[in-house]
Amino acid sequence: MPEKTMPTGPKGNPVLGNTIEFGRDPLRFITKCSQQYGEIVRLKFEKDRESFLLNDPEHIQYVFMNKGGEFSKGYQQDPIMGLVFGNGLLTSEGSFWLRQRRLSQPAFHPGRIADYADTMVRYSERTVTKWNDGDKRDINDEMMQLTMGIATKTLFDLDLHQGDSRDASRALDTVMTAFNTQMTNVFRHILHLIGLGRLVPPVNRQLKEAVADLDNMIYAIIEERRNHPGDRGDLLSMLISTYDEDDGSSMTDQQLRDEVITLFLAGHETTANTLSWAFYLLSQHPDIEEKLYQEVSRVVGDRPATLADLSKLSYTENVIKETLRLQPTVWLISRYAEQDVTLGGYDIPAGSEVMISQWAMHRNPRYFNDPLTFSPERWDNSDNKPSKYVYFPFGGGPRICIGERFAMMEAMLLLATIVREFRFELVDQLPIKMEPSITLRPKHGINMRLHKR
Ligand code: HEM
């Protein structure tokens, strides 16, 4: 048997490891590591834990497929993730996750999500009618509000513009903000690094209160649905009505709550950021924007876009795919080795963190020609498609995003509806500062001048 070795990586500080460099500019650091070191890069972020960045598609496939169950997502021990997401699809593991995935799958059946196309188009038309020629708007903020409205409608059949729904949206917004603030707390990471992770401040009061408010609201909706059963055409109706084929059981209130919050939080910010980056990239490439506009005008014309248009909007799809390549909303995925694993002849000890970065892989010159150029045309040639483990904006293997189809449909319909009416010009031609938090988002929004077509 070949002798096992440890991969190499940047040396870092004797006490703080690679945390300072990573913390200063994670995207640059990850890119540098993936280009300067081998297929597996050894990193140090926590006192008692090894971290490894994977750059080889075969290793990425191995981890994503997780056939031997050697890797977990590691969220189970995280009090913040536990409080917010409970044991929902994003955070659960093993047989519990598998059952929840099977029960949730019908809600994402292509036939079912097709019904949401109309809501997506109606809501984006409503947004566009509020805009005027010459307005200056933060396009990220606009997209967050739009996708939040769509998520609330498609999940709970609630319209954000009406009475109680405003409270629901405010509660969701508060949870999201408090959650993001706590997850990005640098202090928390440093305590972990110097081996004092047990002192990490427990979930803060603001987040606890926000989650409690949201829970009350969601449980009230669930109770109302249980008292008046029937299909309201939303995701919640599907989740309530599906039964496990093996034992006939269905989801408890707690499981429904966990799944609904998970779908809301996993689904709306990701799509909003994808669209924001698309509008930013288009504003920097007027020729591509024009080509997109021409396609949408030809296929959709003056009527509202429909589900049937999607198969003809190939350039629109390519713009979204290329946006997700260059500005992947989920830029980093982590897994934890539950046991000793050998990858590419290297020893990955039990407990190690394994990192897989869309940002690094999607920009790797070994796999993409001219990788830093925004070129939707690169997706024209279907013979030349990158492997699933080189380009993976929605992850891979059994834990691939359950909302991929929903998200692509939403992104394409919103893009088509908006681009037909408005063109965007970046107000300050400064590079947009990125914030690689859980999602890759613009740190200070993206201010755009709106030009009516
Ligand atoms: C452009 C938009 C989106 C992107 C880039 C995205 C990306 C991802 C990625 C990379 C994962 C895998 C995470 C991992 O392996 O650790 C994931 C999982 C997930 N996503 Fe998405 N997502 C998007 C939209 C959505 C939408 C619209 C929904 C729901 C309506 C959704 C719900 C979920 C859920 C529930 C999971 C966990 C699946 C499981 O583990 O079984 N996502 N997403």
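Cys-401 touches Phe-394 and Gly-395, when residues up to four places away in sequence are not counted; contact here requires C-beta atoms, placed from the backbone, to lie within 7 Å. This is a predicted model, in which local features need pLDDT of at least 70 and side-chain atom pairs count only at pLDDT 80 or more, while totals for chains, interfaces and linings use all residues. Residues are numbered from 1 along each chain as its sequence is written.

Cys-401 lies in the loop between α16 (358-362) and α17 (404-419), where helices (H or I, at least four residues) and strands (E, at least two) are DSSP runs numbered from the N terminus. Cys-401 counts as buried because 20 other C-beta atoms lie within 10 Å, the class being set at 20 or more, with 12 or fewer for exposed and partly exposed in between. The unreviewed UniProt entry annotates Cys-401 as "binding site", although such annotations may be inferred rather than shown by experiment.

Elsewhere, three strands form an open antiparallel sheet in the order β4-β12-β9, pairing being assigned if DSSP finds at least two bridges between two strands. β4 (136-138) and β9 (422-426) stand at the edges with a single partner strand each, so one side of each has no neighbour in the sheet. Neighbouring strands are turned by 40° against each other on average, direction ignored; axes are lines fitted to C-alpha atoms, for helices over the stretch in contact, and angles run from 0 to 180 degrees between N-to-C directions.

Five bridges join β9 to the antiparallel β12 (residues 447-452), and Phe-424 stands opposite Leu-450 in β12. Helix α8 (residues 139-156) packs on the sheet, touching β4, β9 and β12, and its direction makes about 60° with that of β4.

Definitions and conventions
Contact = placed C-beta atoms within 7 Å.
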